[in-house]
Amino acid sequence: MTSTLPAVTGSEATARPRPVPATVPAGRIQPPSRLRSSRPDLLLCGVLLVVVLVVQGWNIADYPTLSDDEGTYLAQAWAVQEGRGLAHYTYWYDHPPLGWIQLAALTWIPAMISPESMTVGTMRVVMLLISAVSAVLVYLLGRRLALPRWAAGLGMAIFGLSPLSVVLQREIFLDNLAVMWTLLAFTLAASPSRHLWHHFGAGMAAATAVLTKETMLVVLPALFITAWRHSHKDTRKFALTGAVTACALIGFSYPLFALLKGELLPGSGHVSLWDGIAYQMTRPGSGFILEEGSGSWGVLQSWLYYDRILPLGGLAGALLLLATWRWSVTARALAGPALTVAVLAALALRPDGYLPAMYIIQALPFLALVLAGGTASVAHAVLRRRRSAAERRALTRARYVLAGVLALAACLYVVPRWYDGARIAVTTEANAPYQAASRWMATEVADPADTRVLVDDAMWLDLVHAGYRPGLGVIWFYKADLDPEVTESLPRGWRDIDYVVASPTVRRDAKDLPNVRDAIAHSEPVAVFGEGEDRVEIRRVATAGGSR
Amino acid sequence: MAAFTLWWQMHAWRTPEVLASTRFSSPDGGEHLSFSLLLPARHEQAVLDHTIQRLLESSHTDFEIIVIVGHDDPGTTAVAEAAAARDPRVRVVVDTHAKKNKPKAMNTALPHCRGDVVGVFDAEDQVHPELLAHVDHAFRSTGADVVQGGVQLINFHSSWYSLRNCLEYFFWFRSRLHLHAQKGFIPLGGNTVFVRTGVLREADGWDPDCLAEDCDLGVRLSSVGKRVVVAYDSDMVTREETPGSLMSLLRQRTRWNQGFLQVYRKKDWKQLPTLGQRMLARYTLMTPFLQAFTGLIIPLNVAVALFLDVPVSVAFLTFLPAVTALVTFVFEVVGLHDFGKQYGLRVRFVHYLKLIVGGPFYQVLLAGAAVRAVWREQRGRNDWELTTHVGAHIDATDGTRDATAAPDASDRTREDVPA
């Protein structure tokens, strides 16, 4: 705050709206102050949104394959809706619960209208809402970070249409929710009005993101830098303190929650936040990402299988921006997203870290933004750099020809690949075996209420709706070995189980789970849907038939 | 409720634009208004002369100083007469009321004012020489009826409560008052306040029976739609000191609270045109009591959550007030840093520590003052309890008063600015 006043001089007069000292670095493109009243922005954003929603929404229930994690989160959201606590098995602080509490709220109205719709395939529709909000936020953030309109639109298109995004954003992952909150935090932090409470809100959104998916914690430094760059030096200390305080206070509500439940520290006979964190921190590593054959390598390949352009191009864009920090205004404007990408990439490169398949979701919007920003940088360099008013016409024309050729080449490379991705996404039926198996279990088993089945999480809710007893009747297969309460209810081990729905996930994990392994070993397939690795078998356990 | 206070307290720092607008705009050099500066002084012989000298150093060319002394106070009168003899711009008015207080004294002087604008200062104020020029410009450029300048307690290092007291002033004058000015409802401060003489006479001066006559004046003027402008500049503020002892702070605070209560009961604020303004008025005048209430309820809430066996959701709710209080705390720490920065004062780590540790105790003090005010108002006791000042805000190098301030500090009492 200036504590000096100009001396009483005779010159400058008149009643005046007091100007704020300019803080915008020279040469930076100023985004319009009100995007919502800018017609071209609204049109571009609206058209892109429709395209993204069509590509992501069409055939959403049938592609990609239902994932175990989706089932987990949705089932826990169902437990919240039903008032059964934070999970239908003991909540053990695996993740902060805010993510599926939000899912519960999102699916609340459809589930009220039709309880049977509370299954993974159907409820994927709510993810469209999340995708839509995130995509719009990517555009808005791009504009607020001073990207030209076309580049912000490019970022939104990349984010929404990359085959990798299409696959991952369709699934009910907490990461998608967390990404939305993180984007909101960045957007608020980059608020052009530099309002104290916008920064405060950014802190709150960031905390919500972390409580939705704890891995968002690593993004916070990049968010802080964005807020720093976008605050005015006179009000910065209040704005940033506000943001940090808001974030910390909301973040602390989680340990407080554990404390109030008496589950903060480990002790006998109860789960604890401490144990939960310890578990997540000590998860066995999946190897070095660049070492062929390791688990992480496999995960990387699975991402690159869907799309190489966004992950690799985005990473290159981030490195380009960080390297040209000194010279490029775009690079400085996009410091936040570029840093986010760098941090996430560095974490993925840990020699023996645990790399889950959804890890890349949190990087997607930032990869898209830096890719778009990098493109804008290149375009600027080609079209404007060292260009004077007196430049010869021929040279100017050459600049435009070069830009056109580059754009055409990029389109020729990207469009066919992404078109393929989109075509697969809207036409493939990947979940027919699951649906058939679930139908079989619902219609062919005589007495569902008195039958005990091991299933994977994705099918669990289907069977609950079919009349099986949630928790101890229809059982998440790994709880049979890992949850003491469930294990106790199976005193005779596999003999107490009637059916196993052996999906690929169940078969894969069974080798480490004695009860599940035995149940599979002592059972015969009575129905098989699909073929090869992806088949779903319904196996009846040999002793079943009245001995229970 | 704590959230509202926080929101308003942080008003000035919302955006850089708002912050810039809270400052005085720099004067254009033209000086067209004349000032009558009222200087009520009671048993202030030690500091009065210094204050008058400083006021006379003002760069403005057209002002008079009217010192108001009591007929039963020969010491102060002598100092005032001596100053008047030295400089024709100083005049002395004697207040002969049997029972004396500040509004009565100022009403006595009002008919003698010749200036276009009446300004009020206290006898121990340190006024910046450029202030009048800035105020002159503010009147002319904004067409205001009232200009409120900043007042700042400076001696934050004196004690734990003076630290908090200073910060209260900082937030009030730096930020909150601007919000009030913008919303069109403002309780004025007790000094560094300037009113057009015509407007003041129209309003019949100050309410002689009100314990917070300045707050009352502000409420009455804004209720009839007069335009109030607030300007704050750390250079231009009038520097003051905190009460010398905890007891006198308590008394001072009791008086303000009681004054606020009286203003609330006078119901002038009900003439405010919009509901929002009336709600703001109601809320502002009740603030001391709500503040006291929350100060006591928060620890209780946390205790309930931690020690009683209540459902987790209920326990969570009981933490909400604590959260807003915590945010306020954090902003106070940042405010203290900003305060030190702006006034070029060295704020040490121990001061931050004092600020935080002292917080709950200060709450207890505020709660005590609130209860005491209600009790006194109920009993119909509304005489003035005076506040003692020792001059801690004036530099030790400032020899003119330092030597004299200490010996008679105990018997010199004066009234203070409600904030």
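Let's start with what covers helix H21 of chain A. Around its buried residues we find, among others, helix H2 (68-81), helix H5 (120-123) and helix H20 (432-444) of chain A. Three strands of chain A also take part: S1 (453-455), S2 (474-476) and S3 (499-502). Keep in mind that this is a predicted model.

How much of H21 is buried? The helix runs over residues 457-465 of chain A, and eight of its nine residues are buried. Here they are by name. Asp457(A), Ala458(A), Met459(A) and Trp460(A) are buried. What follows the helix? After H21(A) comes Gly467(A), with a positive phi near 110°.

Now step back to chain A as a whole. Its secondary structure comes to 25 helices and five strands. Of its 548 residues, 45% are buried. The C-alpha trace spans about 100 × 55 × 45 Å along the principal axes. Next, contacts. Take those in chain A between residues at least 6 apart in sequence: 72% of them join residues at least 24 apart.

Domains next. The assignment for chain A gives domain 1 at 181-282 and domain 2 at 432-541. Where do they sit relative to each other? The C-alpha centres of these two domains of chain A are 39 Å apart.

On to chain B and its sheet. The sheet is open, with seven strands. The order in chain B is S3-S2-S1-S4-S7-S5-S8, and the pairing is mixed. Which strands stand at the edges? Those are S3 (90-95) and S8 (228-230) of chain B. Each has a single partner strand, so one side of each is left without a neighbour in the sheet. From one strand to the next, the twist averages 20°.

Look inside the sheet for a moment. Strands S5 (residues 146-148) and S7 (residues 193-196) of chain B run antiparallel, joined by three bridges. One residue pair to find on screen: Val146(B) has Val195(B) in S7(B) as its bridge partner.

Last, the helices on this sheet. Helix H4 (residues 74-86) of chain B packs on it, touching S2 (63-70) and S3 of chain B. The direction of H4 makes about 150° with that of S3(B). Helix H7 (residues 160-183) of chain B lies across S5 and S8 of chain B. H7 runs at about 155° to S8(B).

Terms used: Residues are numbered from 1 along each chain as its sequence is written. Chains are lettered from A and ligands numbered from 1 in the order in which they are written. This is a predicted model: local features need pLDDT of at least 70, side-chain atom pairs count only at pLDDT 80 or more; totals for chains, interfaces and linings use all residues. Domain bounds come from an automatic or database domain assignment. A residue is buried if 20 or more other C-beta atoms lie within 10 Å of its own, exposed if 12 or fewer, and partly exposed in between; C-beta atoms are placed from the backbone. Helices (H or I, at least four residues) and strands (E, at least two) are DSSP runs, numbered from the N terminus. Two residues are in contact if their C-beta atoms, placed from the backbone, lie within 7 Å. Two strands pair if DSSP finds at least two bridges between them. Axes are lines fitted to C-alpha atoms, for helices over the stretch in contact, and angles run from 0 to 180 degrees between N-to-C directions.
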